[in-house]
Amino acid sequence: MRIIDVRAIPFAIPYRKPLHFASGHIEVADNVLVEVETEDGIVGVAEAPPRPYTYGETQASIVAVIDSLFAPAIRGASILDREPVRAKLARTVGNPTAKAAIDMAMWDAWGKAVGQPVHRLLGGYAQRLQVSHMLGFDDPAAMADEAIRMRDEFGIDSFKVKVGRLPIDRDIAVCRAIRNAVGDDAELYLDGNRGWPASEAARAVRELADLGLSRVEELCPADDVLGRRWLVGQCPVPFVADESAPTPADVTRELLAGAANAISIKTARTGFSDSLRVAHLAEGLGAEVVIGNQIDGQVGTACSLAFGASQRTTANKAAELSNYLDMADDLLTEPLRITDGAMTVLHGPGLGIEIDRKKLDYYRTDR
Ligand code: MUC
Ligand code: MG
């Protein structure tokens, strides 16, 4: 099970429907496919999505840090050496999605080596996860139409609404239009990606009090330390930390400081090893968790699915798994499927996915 090679392969697949949100936008999935190959010919895979506005990484920086620092540091290790590998990678600060992809590719390789699905190695709690869909910026009618389309086509009944534009009126109108369209039973929650000042966020939460929101996320910057605490203190629903809590230590700090009382877990930034830490930390502190979406392709979504289904605390809420549907194509031989608003875990060994080599050859940008 010794690692003989670690490859970082950049690729680019356009989005059919770009996603716009307060901190940025995505037109092309310019991700990096990470492959960890063992001496027995097993190849574990995962993908790293560059999010410069969230973590400071770019596609080129992910490839560079893996090629120049991470691959040389871990060649020769066993795929069972996940903790020593994590400690070695931690000597380089930052680079969360590059580290996470290596960690998850090692778990995939381990699952393939022992013929077990990763979701079982992680805990194996559930067989199916309800799916929540993230609705990017548009006008109220278009966002409401999109929610209805997702419900009609896939049975999805949980929606995360991107907000954070100023003045707040447009986003208020969007939320009302979506609630009217999907009815009272659908789950609706907000994600501001730090776009509003705390005072405007508080006003929006008050104006939307009758809408039955299940939670709100990153409505204002966590760096506005007192404003954020003031806002969280008056929120009638859980306030989720996402990009303000990308590591277990950040999660601890944000929860103990009252800057959030729920946590978004994204395998794209914490892999499986640190997602376990975050989930257990939050459970111990009594904070809710939700499986978030790093605007993942299908490889990344398979990782979120495997992890989300593995723990009781992540499996009991709709997980954000559907935004790969907006991509024009993807890398898997068998596309993921959403039926009746949910996704079933993949039963094959490892992540249970296979990379379509022809597609990878077509979309890779390093040749
Ligand atoms: C989300 O939940 O915030 C947008 C920016 C990012 O870092 O993740 C996405 C989705
Ligand atoms: Mg978010």
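Okay, let's start with C175: its sulfur is 13 Å from the closest cysteine sulfur, the one in C235, and that's too far for a bond. A disulfide here means two cysteine sulfur atoms within 2.5 Å. C220 isn't in one either, since the nearest cysteine sulfur, again in C235, is 8.9 Å away. By this rule, the count is zero disulfides.

Quick note on what you're looking at: it's a predicted model, where local features need pLDDT of at least 70, side-chain atom pairs count only at pLDDT 80 or more, and totals for chains, interfaces and linings use all residues. Residues are numbered from 1 along each chain as its sequence is written, chains are lettered from A and ligands numbered from 1 in written order, and side-chain values use heavy atoms, leaving out hydrogens and water.

Both cysteines are tucked away, by the way. C175 is buried at 1% relative accessibility, and C220 is buried at 0%. Buried means under 20% relative accessible area, exposed over 50%, and partly exposed in between, with a 1.4 Å probe and protein chains only.

Now, how many aromatic pairs turn up in the whole structure? Five. Rings of Phe, Tyr and Trp (its six-membered ring) pair if their centres lie within 6.5 Å; planes under 30 degrees apart are stacked, over 60 edge-to-face, the rest tilted. F272 and F307 are a stacked pair, 6.5 Å centre to centre with 10 degrees between the planes. F272 is buried at 0%, and so is F307, also at 0%.
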